[in-house]
Structures are given as C-alpha cells and as structure tokens.
Amino acid sequence: DQAVLVDCHDTRGRCADGRCGCQQGWMDARATATPNLDCSRCVRYVDATAGDDQANGRTWQTAKETVQAGLVTAAADGCDLWVAAGTYYPTLDLDRSATFQLMAGVDVYGGFLGDELRLSDRRLGDHPTVLSGDLGVRGVNTDHAFHVLASADGVHLDGLTIRDGFADGASELGQGAGLYIHTRHDISLANCTLVHNTAAREGGAVFLDGSSLRVVASTFANNN
C-alpha cells in the first residue's frame, strides 16, 4: 500500500517527489492543489502495455489490459476510469458490431503515461490514448467498427482520441461512427479529438437524438 501522510490533508492522500496527490485507486475530482486535496472519487486503471485483465485494476501496477474490462470493473465498483497511452480496439476480431460500451456514471480519462497521482499530472499531447474502430486491415474502412463508442447516461470523456469508426449499415448502424449517443443520455467531452469517422446516414463523429452533449476544448477533423 502507498504511504499516507498527514500533510496531504486527506486520509487517502500521499506525497511523492515533493508533490501531494491521491493514493492510487482514488482521485481528486476537482484536480485542485494541496491543502484542498479531496480524494473522494475512486479510480480504476487500464494500461494496454503493462496491464492484465485478470488483475484488479486498482493501481497502475495492477491495471486492466483492455478498456472493456476496465469499464466493467469501474462500473461495478462505482469508480471512474483512467486509461494509459496506447491504441485500444473494442475487439480483437472482425465483429463490426463491437463497440466500447460506456457505463452509466463512469467518467473516462486518457492521456496518462501510467504513473500519475492526479489529473493535473497528465501531459495530453505526449501520451495519447486512442480508441480506434480500425479492426482489420489498416486503411480499409469496410472492416471498421460501426460505432467506436456507444453512450451511457451521465458520462464525461476527457483526453481521448476517438477515430476510425465507419457506420455504413442500416438504421442506427449508419449513424454516429465515432460516438453513438442513445436517447435521453447526458454526455460531455473535454480535451478529446474525433477524427476519421464516417457515417452513411448522419453524424460521422457524433450522433445524438433527444440527448445532451457538452463539448469543451475538443477537436473534430476529417469526419464525414
């Protein structure tokens, strides 16, 4: 277990290299500086390079390997999800209906090297977390996932690149190649990039109907 120091002003806080942050497994949702540290929100971790889906996901050292496993664990534990840099796919086969199914109330953060104590430690431009729908032959659109992400209610996405969805199917499979938002879902994006997503009908990057989407400091490029 990580050491807990009194001067962190939180029972779940710890100090390292002259900085205070939360113990692994907890986060300061406000990302504020000491002495106002508030480690009240639990976190689960994913690392494509060093992770293992049989691990518990409660520290970077015991991170899950896949985003899908991380989402399930985070939802079961009532936590948010931190995802280390790397490229992640919703499946390792060619099932185009596979998607990263978000979980209600589970916020997902990317842009981590894999040792950070708090959100403000991220260097987003240096450590991209990519969620890709490019399932098969690279550059061949017709084997991409219909939807890279499928929504759930009350989710915040932060520091992610969402790319290479190809929604060329019928009905909803022709909509929302990057992010498909179901009816009456409340979603927000910050520091995200949605790029190279294509839909045959509507919403290359994002499709929503009767839902709420808030976007801050994000980039949309080459979506059709």
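Is Asp164 buried or exposed? Keep that in mind for a minute. First, a caution: this is a predicted model.

My topic today is salt bridges. The structure holds eight of them.

Start with Arg41 and Asp80. Their side chains meet in a salt bridge, at 2.7 Å from N to O. Now look at where the partners sit. Arg41 belongs to strand β4, residues 41–46, and Asp80 to strand β5, residues 80–84, so this pair ties together parts that are 39 residues apart in sequence. What about exposure? Arg41 has a relative accessible area of 24%, so Arg41 is partly exposed. Asp80 comes in at 2% relative accessibility and counts as buried, because the cut-off for buried is under 20%.

Next, Arg123 and Asp126. This salt bridge joins their side chains at 2.8 Å, N to O. Which class does each partner fall in? Arg123 has 55% relative accessibility, so Arg123 counts as exposed. Asp126, at 44%, counts as partly exposed. The reason is the cut-off: exposed means over 50%.

Last pair: Arg163 and Asp164. Their side chains also form a salt bridge, with 2.7 Å from N to O. Here is the answer to my opening question. Asp164 is buried, with a relative accessible area of 10%.

Arg41 meets Asp80 across strands β4 and β5. Arg123 meets Asp126. Arg163 meets Asp164.

Technical notes:
Residues are numbered from 1 along each chain as its sequence is written. This is a predicted model: local features need pLDDT of at least 70, side-chain atom pairs count only at pLDDT 80 or more; totals for chains, interfaces and linings use all residues. Side-chain values use heavy atoms; hydrogens and water are left out. A salt bridge is a side-chain nitrogen of Lys or Arg within 4 Å of a carboxyl oxygen of Asp or Glu. Helices (H or I, at least four residues) and strands (E, at least two) are DSSP runs, numbered from the N terminus. Buried means under 20% relative accessible area, exposed over 50%, partly exposed in between (1.4 Å probe, protein chains only).
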